[in-house]
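Subject: Structure handover

Hello,

Here is the structure we spoke about, with the sequence alongside. My notes on what turned up in it follow below.

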Amino acid sequence: MSMTLSKAAQLRPTLRPTSRFGFTRLAGALALSLCAGAALADVPALSVAGNQVLVGGKPGSISGSSMYWSNNGWPGARFYNAGAVGWLKDDWKAKLVRAAMGVEDDGGYLQFPAENKARVKAVVDAAIAKDMYVIIDWHSHYAFRHQNEAIAFFQEMARTYGNNKHVIYEIYNEPKDDVTWDAHVKPYAQAVIAAIRAIDPDNLIIVGSPRWSQDADVASRNPITGHSNIAYTLHFYAGTHTQYLRDKAATAMNNGLALFVTEWGSVNADGNGGVNYPETNAWIDFMRKHNLSNANWALDDAREGSASLVPGASSTGGWANWDLTESGRQARETVRNWPGVPDAGCATAGVPSTIQAEAWCQMSGVQLETTLDAGGGQNVGYIDSGDWMNYTVDVPSAGLYTVSYRVASANGGGNISLERAGGSPVFGTMAVGATGGWQSWSTISHNVQLPAGKQSIGIAAKAGGFNLNWIGIAAAGTGGQIALIQAEDHASMSGVESEQTSDAGGGRNASHIDTGDWMSYTNAPVTIPETGTYTIEFRVASPGGGELSFEEAGGKPAYATVALPATGGWQNWASVKRSVTLSAGSHSFGVYAKQGGWNLNWIKVSKAAR
């Protein structure tokens, strides 16, 4: 059993295309090459961009289970087989399995290298056969003392499996609290990474941090440089590790580290105790919000609260509900309900549409960061002159379209060029002024002529110095989205809860809304560009209907009273729209339940059609 867990300069890729979008020459050949690579991959490649581990180049995450220590005679060893891995994939719907190879402890690799290596390879081979990602974990507390052995082992794994996108190398599971980042972990990691990269140039490598991989924030102040596709592990146990560790993780991500939760449990850090449901749910929400891939500890039948299986359970799968412990049932539910892996191909956005800026098909130079804009999630940041992103859109007919950009800029001076991928033709340009800060958001728009049909368009930074959250495209005169507020992301509320939603887009919705309940969104101010008429859209579900008041936070003024229809159930969703008059400037909105009995997923603010 093992426990876990400043804005540093973020490194740009050292290789950049010589022409915008990489298409000005050999465009067709490059496109065919990219498509062919995606088609041949059994799983989408994992890659690091900024503080995110991307799945097939897209924001997303994967979930699964970790094996217990592989050590001879330990209770996890008998589960290192194709049957157990296959059951995780078929029944748990796991996308990930972790082979936790014990090293210096009794019965581990240093004592019995052939047996432990054989167990790891059995799991890796089974995972590849089932199109799962697999972590090869050097499960050690003092890995730096065995650097030569680690290098030899990972070089063999890289030679054997380096051509498989399924494989992830975790080179140091959990440095203990008497190990330091600067003196022990980082030098060891640099040596092992260099040895792997000499053979495998691109598969994801994950590095631990001191205090049982809880000090990613410490590592973020002196990160590993000179190598790409490096992530850092975060370990937590919900019965012990609470908001303070989520805050440390947030610090690491804000400092530019990409995190991967290679081990987590719903019980105490010593492996005992029952499931702590409130903290487990808080951690699951945190991982979902930040796209943190994860593996639950652990697939074994030891007499520990963290074990997924009861003593004596089959070693090869086929587990019924009564074969699972309380934490095993919780883990299975979490893994089975984890959001799906994004398609490795490039999604096509129909017009009208709001495109999240981070959902690019290709890009150069930009990075992702957590946004404070309404709706949360990620925005594209660190946009410098010459950086670009491109997207595939399907325009229904040639004509005039309003293109809106949700931007933030501390100093202004930016300039956006909307172009056909490759740089020509240029549809239009837009200056980006100062908005008051890197997370102070405003919407700007212009009208451009677009041709009909499916096409690749690009956003190029003629001049950088701005962040971008989303791009909206709609026929001119039909209005455009200004803000999307996720109902559950309130700054304050009374009486309201949240739950997983079955609505399009997934995530959570505000729920259990009774008469007199309210939600306030002072944390998500909306900038209204000019005084006039705006459309407010509410995404609601209700068996019997209800009524809400759309207001400024605090109750005055009240802009509209909206009757909500009976939609047929708590998760049968419908949109209700009202036109309201809003003054130019910043608004913090609120919702008050004049008659309860409904759920709310989001609130959308758009320009009214002319």
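A residue is called buried here when its relative accessible area is under 20%. The model is a predicted one, and the values below are computed from it.

Salt bridges

By that cut-off Glu170 is buried, because its relative accessibility is 0%. Arg98 also has a relative accessible area of 0% and is buried. The side chains of these two, Glu170 and Arg98, form a salt bridge with an N to O distance of 2.9 Å. Since Glu170 belongs to strand β6 and Arg98 to strand β4 (residues 96-102), the pair ties together parts that are 72 residues apart in sequence. Both residues also belong to a network of salt bridges that links Arg98, Asp137, Glu170 and Glu263.

The structure has 14 salt bridges. Among them is the one between Asp215 and Lys248, whose closest N and O atoms are 3.0 Å apart. This pair links distant parts of the chain, 33 residues apart: Asp215 is in the loop between α6 (210-213) and α7 (216-220), and Lys248 is in helix α8 (residues 243-254). Asp215 and Lys248 are both buried.

Another salt bridge joins the side chains of Arg539 and Asp503, at 2.9 Å from N to O. Arg539 is in strand β29 (residues 532-541) and Asp503 in the loop between β25 (497-500) and β26 (508-513), so parts 36 residues apart in sequence are tied together. Arg539 and Asp503 are buried as well.

Aromatic rings

There are 18 aromatic pairs. One of them is Tyr142 with Phe144: the ring centres are 6.4 Å apart and the planes are at 70°, so the pair is edge-to-face. Tyr142 is buried at 15% relative accessibility, whereas Phe144, with a relative accessible area of 23%, is partly exposed.

Phe154 and Tyr169 are likewise an edge-to-face pair, because their planes are at 85°, with the ring centres 6.2 Å apart. Phe154 sits in helix α4 (residues 147-161) and Tyr169 in strand β6 (residues 167-170), so this pair ties together parts 15 residues apart in sequence. Phe154 and Tyr169 are both buried. They also belong to a cluster in which ring pairs link Tyr109, Trp138, Phe153, Phe154 and Tyr169.

Charges over rings

Arg145 lies over the face of Tyr142, 4.0 Å from the ring centre. In a further case, the charged end of Arg246 sits over the ring of Trp283, at 5.0 Å from its centre.

Thr280

Thr280 is part of helix α9 (residues 277-289). Its relative accessible area is 2%, so Thr280 counts as buried. Leaving aside residues up to four places away in sequence, Thr280 touches Ala238, Trp264, Ser266, Val275 and Gln330.

A sheet

An open sheet of 5 strands runs in the order β24-β27-β34-β30-β31 and pairs antiparallel. The edges are β24 (492-494) and β31 (558-564); each has a single partner strand, so one side of each is left without a neighbour in the sheet. On average, neighbouring strands of this sheet are turned by 15° against each other, direction ignored. The partner of β24 is β27 (residues 518-520), joined to it antiparallel by 3 bridges. Within this pairing, Trp518 in β27 is the bridge partner of Ser494.

Regards

Conventions: Residues numbered from 1 in each chain as written. Predicted model: local features only at pLDDT ≥ 70, side-chain atom pairs only at ≥ 80, totals over all residues. Heavy atoms only, no water. Phe/Tyr/Trp six-rings, centres within 6.5 Å; stacked < 30°, edge-to-face > 60°. Buried < 20%, exposed > 50% of the residue type's maximum accessible area, 1.4 Å probe, protein only. Helix = DSSP H or I, 4+ residues; strand = E, 2+ residues; numbered from the N terminus. Lys NZ or Arg CZ within 6 Å of the ring centre and 35° of its normal. Contact = heavy atoms within 4.5 Å. Pairing = 2+ DSSP bridges. Axes fitted to C-alpha atoms, helices over the stretch in contact; angles between N-to-C directions. Salt bridge = Lys/Arg side-chain N within 4 Å of Asp/Glu carboxyl O.
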